[in-house]
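Please open the model in a viewer and keep the sequence panel beside it. The stops below say what to select next and what is to be found there.

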Amino acid sequence: MKKYDIGFVATGSVMTIVFLILVNYFTSVQYPWFIYPVFILVLFPLGLYCVYAKKYTLFSMVGSFLLLLFLITENYIDMPSYPWFFYTVEPIVMWPALMLLGKRAKSMTTALIGSFSFILYYIILNIFLAPQTPWFIFPAFAILWWPLSLYHIKRKSYFGFSISASLFISLFFISINAIFSPQEIWAVYPIFTVLWWPLSMYYFNYKKSN
């Protein structure tokens, strides 16, 4: 893509943004719906420029800032009494942080520190925004796949990964069952399904070696 193509896209985006703001103002001033297409129209030429110039870190920094600004605005407009945008801050901030780390982002140390900070952030949110339910275990379950997968991939221990992952998933379902519906033991069903993973890996490796 050439520079004048990016200039054309940027000019078209600016013209469209002005048009949408005017339409919003003259037809439905009570609700600023123009912010939704404007967010895309700002991000699109920025993304094209960063890809053309190979400035991916710049795009992650500016893009994450714009995304946070958009979510904060949306939060203020639709639900100013509840700051739900805080739930999105940590994963959005991790995007440029990992880009800035470069090759170090692939290290086990980064995975462990990143996962710990991620979980700690959501524990704090859980305590202050919704202390009645320990919902932080859901994002914690998601982020812990990062160091777990990285550990086994670096060692190429795929059968070990199937065992560790199955135990991890089983522990997750047991915790969910015990916390949210202790009166009914349903965790055995997904656990039984998950156990087929290491079993099939063992059988495949055994047949392959014989």
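Contact in this tour means heavy atoms within 4.5 Å. The model is predicted, so local features need pLDDT of at least 70 and side-chain atom pairs count only at pLDDT 80 or more, while totals for chains, interfaces and linings use all residues. Residues are numbered from 1 along each chain as its sequence is written, and side-chain values use heavy atoms, with hydrogens and water left out.

**Stop 1: helix 8**

Helices are DSSP runs of H or I with at least four residues, and strands are E runs of at least two, numbered from the N terminus. Select S166, which is found in helix 8 (residues 158–180). Leaving aside neighbours within four places in sequence, S166 is in contact with V194, W197 and P198. The relative accessible area of S166 is 3%, so the residue is buried; buried means under 20%, exposed over 50% and partly exposed in between, with a 1.4 Å probe and protein chains only.

Next select I169, also a residue of helix 8. I169 has 13% relative accessibility and therefore counts as buried. Beyond residues up to four places away in sequence, I169 touches F141, W145, V194 and W197.

Now display the whole of helix 8. The buried residues of helix 8 are F161, S162, A165, S166, F168, I169, S170, F172, I176 and N177.

**Stop 2: aromatic rings**

A pair of aromatic rings is described by the distance of the centres and the angle of the planes. Rings of Phe, Tyr and Trp (its six-membered ring) pair if their centres lie within 6.5 Å; planes under 30 degrees apart count as stacked, over 60 as edge-to-face and the rest as tilted. How many aromatic pairs does this rule give? The count comes to 22. One of them joins Y122 and W135, an edge-to-face pair with 6.0 Å centre to centre and 80 degrees between the planes. Y122 lies in helix 5 (residues 108–129) and W135 in the loop between helix 5 and helix 6 (137–143), so the pair ties together parts that are 13 residues apart in sequence. Y122 is buried at 5% relative accessibility, and W135 is buried at 17%.

Then select F138, F141, W145, F161, F168, F172, F173, F180, W186 and W197, which ring pairs link into a cluster.

**Stop 3**

Select W146, in helix 7. With a relative accessible area of 21%, W146 is partly exposed. Not counting residues up to four places away in sequence, W146 touches M94, L98, A105, T110, A111, G114 and S115. The C-alpha atoms of W146 and A111 are 6.3 Å apart in space, although the two are 35 residues apart in sequence.

Continue to helix 4 (residues 86–101), where V89, E90, I92, M94 and P96 are buried. What covers these buried residues includes helix 3, helix 5 and helix 7 (145–155). After helix 4 comes G102, with a positive phi near 65 degrees.

**Stop 4**

In helix 3, the buried residues are S60, G63, S64, L66, L68, F70, L71, E74 and N75, and they pack against helix 2 and helix 4.

Select F34, I35, V38, F39, V42, L66, L69, F70 and T73 to show the lining of the largest pocket. A pocket is an open set of points, on a 1 Å grid over the protein atoms alone, where a 1.4 Å probe fits, with protein on both sides within 12 Å along at least five of seven lines; lining residues have an atom within 4 Å of a point. Helix 2 (35–53) and helix 3 (56–78) each supply at least two residues of this lining.

**Stop 3: two lysines**

Most residues other than glycine have a negative phi. K54, not a glycine, has a positive phi of about 60 degrees and is found in the loop between helix 2 and helix 3. K54 is exposed, with a relative accessible area of 63%. Finish at K156, in the loop between helix 7 and helix 8, where phi is positive at about 55 degrees although the residue is not a glycine. K156 counts as exposed at 62% relative accessibility.
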